[in-house]
Amino acid sequence: DILNYGMPYGVYVVEVTQGGGAELAGILPGDIIVGINDIEITNIDQLRDKVNSIRKGKEVTIQYNRIIDGEYIIQEADITLSGNPET
């Protein structure tokens with residue numbers, strides 16, 4: 001599904017926590033998260049609810065869109081959920 005601005009529905013990644021699961025899995029700012037374990041994610045509340053329903057230490061598969069050669073291409077990454085990394 002594409003919005004009016006040519007961006008897919010989902011959660012736009014503004015920043016990635018250094019040392020966190022997303023960074024370790026290769027998620028980058030500008031990626032758009034569209035699913036977790038093949039469950040569609042269209043907004044930040046769905047993302048929070050889904051992540052909070054899964055135990056820390058469990059691995060999940062994140063589906064996300066990344067711009068490659070000017071087009072959004074769906075990608076997948078396996079991420080082990082953890083608390084916030086120590087700072």
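What follows is a chat about the predicted model shown above.

Reader: Before I dig in, what kind of model is this, and which cut-offs apply?
Author: The model is predicted, so local features need pLDDT of at least 70 and side-chain atom pairs count only at pLDDT 80 or more, while totals for chains, interfaces and linings use all residues. Residues are numbered from 1 along each chain as its sequence is written, and side-chain values use heavy atoms, with hydrogens and water left out.

Reader: Ok, what's the secondary structure of the protein chain?
Author: Two helices and five strands, in the order β-α-β-β-α-β-β along the sequence. Helices (H or I, at least four residues) and strands (E, at least two) are DSSP runs, numbered from the N terminus.

Reader: And how much of the chain is buried?
Author: Of the 87 residues in the protein chain, 30% are buried. Buried means under 20% relative accessible area, exposed means over 50%, and partly exposed is in between (1.4 Å probe, protein chains only).

Reader: What's the accessible surface of the protein chain?
Author: About 6,100 Å², with 46% of that belonging to carbon and sulfur atoms. Areas come from the Shrake-Rupley method with a 1.4 Å probe, and for residues only the protein chains shown count as cover.

Reader: Switching to electrostatics: how many salt bridges are there?
Author: The count is two, where a salt bridge is a side-chain nitrogen of Lys or Arg within 4 Å of a carboxyl oxygen of Asp or Glu. One joins the side chains of Asp31 and Arg66, at 2.8 Å from N to O. Asp31 sits in the loop between helix H1 (21-25) and strand S2 (32-36) and Arg66 in strand S4 (residues 59-68), so this pair ties together parts 35 residues apart in sequence.

Reader: Are Asp31 and Arg66 buried or exposed?
Author: Both Asp31 and Arg66 are buried.

Reader: What about Asp45 and Arg48, where do they sit?
Author: Both are in helix H2 (residues 44-52), three residues apart, about one turn of the helix. Asp45 is partly exposed at 47% relative accessible area, and Arg48 is partly exposed at 48%.

Reader: Which residues form the negative surface patch?
Author: Asp38, Glu59, Glu76 and Asp78. Patches are made of residues with over 30% relative accessible area and no salt bridge, joining like charges within 9 Å and nonpolar side chains (Val, Leu, Ile, Met, Phe, Trp, Tyr) within 5 Å. Lys and Arg count as positive and Asp and Glu as negative, leaving out His and the chain ends. The place of a charge is NZ of Lys, CZ of Arg, CG of Asp or CD of Glu.

Reader: Where's Glu76?
Author: Glu76 lies in strand S5 (residues 71-80), and it counts as exposed because its relative accessibility is 53%.

Reader: Back to Asp38, what's its phi?
Author: Near 65°, which is positive even though Asp38 is not a glycine. Most residues other than glycine have a negative phi. Asp38 is in the loop between S2 and S3, and it is exposed at 65% relative accessible area. Asn37 also has a positive phi, about 50°, and is not a glycine. Asn37 is in the loop between S2 and strand S3 (39-40) and is partly exposed at 36%.

Reader: Last one: what does Pro29 touch?
Author: Leaving out residues up to four places away in sequence, Pro29 touches Val13, Val14, Glu15 and Val16, with contact meaning heavy atoms within 4.5 Å. Pro29 lies in the loop between H1 and S2.
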